Structures are given as C-alpha cells and as structure tokens.
Amino acid sequence: MVSAALFDLSHPAHYLHWHFFQMSVANVVVILLMIAVFVAAILIPFPKRRRES
Amino acid sequence: MSDGEGRPVSPEERQMWTTWVRERAVGALPPEKLLPDRQPAYVSSWIYVFGVATIAALVVVVASGTILGLKGPEWWHVAGIGRFFNGIHLWAVELFFFAMVVHLWGKFFMGAWRGGRGRTWMTGAIAFLVAIGAAFTGYLSQQNFDSQWIAFEGKDGLNSVGIGSFFNVADFGQMYTFHVILLPLAVVALVVWHVLLVRRHGVVPPYPAKPTPPPQQAAPSEGSAR
C-alpha cells in the first residue's frame, strides 16, 4: 500500500533549481550519499585479520 | 605440452579446437590466478569492496527479475508478494548502481587502466552504459503510468540524438525483450569478462609515492671529531 510507505509518494517530486541546475531532491540525496560513502570508504580503516596462532 | 592430467598431447590432438581452447585458457588464467587465496596488501581497504558489492546486487537483480518475469505484470502489480518482489528488484537495482558508481569513482582516481589494464577499464565502462539501458527498459516495462511517461520522455531523448528509428520505446513487447533477455545477457557477459580480466591482470597497485628529498645534512663544524 502506498499509504504504508515511509514517504508519501502521491505527489509530484520536489526539485532543486539553481540557474541551469535542476534535479529532484531524491537524486540529490542519493548523490550526496554516494559521495559520503566514497569518502568513508577511503577514510575508515579496513579491519585486519587476526594472525593465526 | 601435456593435457590437464599430465599426459603428453599427440600431434593429432594438437589440431583439435578443444586442445587449443584449453591451452589458451589455462595459459591465460591458471587455476591459482583464477581463484586466488591471497591479494596484495593494498587491497585491504573498503574502497575495494564496491566491485563485489555490485556483483552481489546484480545476482539479486537477476534472481528477482527472473521471478517477476515468470509471474507476469498482474502479479507484480496486484499480489502482495508480487509487489514485494517488485520492491526487491527495484532496490537491488538502486544498490547495484550505487555500488557501481562508488566503484567507478574509486577506480577512476586509482587510474585503474594503468599497467596494461585498458581492457579491464573499458569492459567496466561499457557494462555501466549497457546497465543504464537495462534499467531504462526496466522502467519502460513496469506497465503503469510511470512507464508511459518515461517512454514518451525517452522517445524525445532518443530522437534528439538520432537513434530514435532503431527503437520504439512505447512498444512494451520490444522493450520487455530488451530488458529480460538481450541487455541482461550483455551485462552479465561484460561483468564476467571484466572479472576474468581483473583476475588475469590483478588489482591495480596504488600510484607510487612522491619521492621525498633527502634531509639536508648539517655541515660538520670545525673541531668535530674525524
């Protein structure tokens, strides 16, 4: 059911518009998330495997 | 030269295409290279996880898409479990592209085409482009108002770049065939080729560190011990 969705999808998407730039808020959020995950993947240390005794 | 069991290959067997294919395949990708148990130390980073995350999402995309295709549009629009699988298919695609874009950024900044890895880079880039086509035809195959809207927007887009005569994006049958057979086969084949090339050439090493100038040695002062 659409009413059970986390977000109410029964309306037109919200858009950001700045000069020539126009993009839906959903797409902007996804792009920002990808950038955040990319930066985190570089900065967060990878867990090291324990040496076998 | 011998066969896989150590038996020498006779001249007659050497003319067989199976011998030629086997020797080429094992020569290019010996088993220890195809299924390695070690990786270089620099692979120990989260940025190397997104390639296999993309493949994991692709497996879910193909599996859920197969079930959707077998059950049909009425099932995925009306039945509760059908809508659930429709959601799995959509979100697996979202994760597929999310992971693939982060993988692409990582490989771009690593210069992953270096060291004879040009074909690895190109197969990945082409797989990305073909996957966009697969996603586009998927949106066209939804069988709802959304797909009609996307079809008529897409029609204008394809016409504007001069390839509109090759596709009829408003034709469900044509787009569905592209979506469930042709483009998935192309994506999977490209991904398999890409992974085999990664196995053959190995993961690209990091850029070499910039050489640092040696520290200036202090001039010996007068009276210092010789």
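**Core and domains**

A: The largest nonpolar core has 23 residues, and B:Phe96, B:Ala99 and B:Val187 are those with the most contacts inside it. A nonpolar core is a set of buried Ala, Val, Leu, Ile, Met, Phe, Trp, Tyr and Cys residues joined through C-beta atoms within 7 Å, where buried requires 20 or more other C-beta atoms within 10 Å of the residue's own, C-beta atoms being placed from the backbone. This is a predicted model, in which local features need pLDDT of at least 70 and side-chain atom pairs count only at pLDDT 80 or more, while totals for chains, interfaces and linings use all residues. Residues are numbered from 1 along each chain as its sequence is written, and chains are lettered from A in the order in which they are written.

Q: Which elements give two or more residues to this core?
A: Helices are DSSP runs of H or I with at least four residues, numbered from the N terminus. Here the contributors are α4 (50–71), α6 (80–110), α7 (118–140) and α9 (172–201) of chain B, with α9(B) providing the largest share, six residues.

Q: How is chain B divided into domains?
A: Domain bounds come from an automatic or database domain assignment; in chain B they give domain 1 (43–103) and domain 2 (111–204), whose centres, taken over C-alpha atoms, are separated by 15 Å.

Q: How many residues does the contact take from each domain?
A: Two residues are in contact if their C-beta atoms lie within 7 Å. Domain 1 of chain B supplies 11 residues and domain 2 of chain B eight.

Key: Buried ≥ 20, exposed ≤ 12 C-beta atoms within 10 Å, placed from the backbone.
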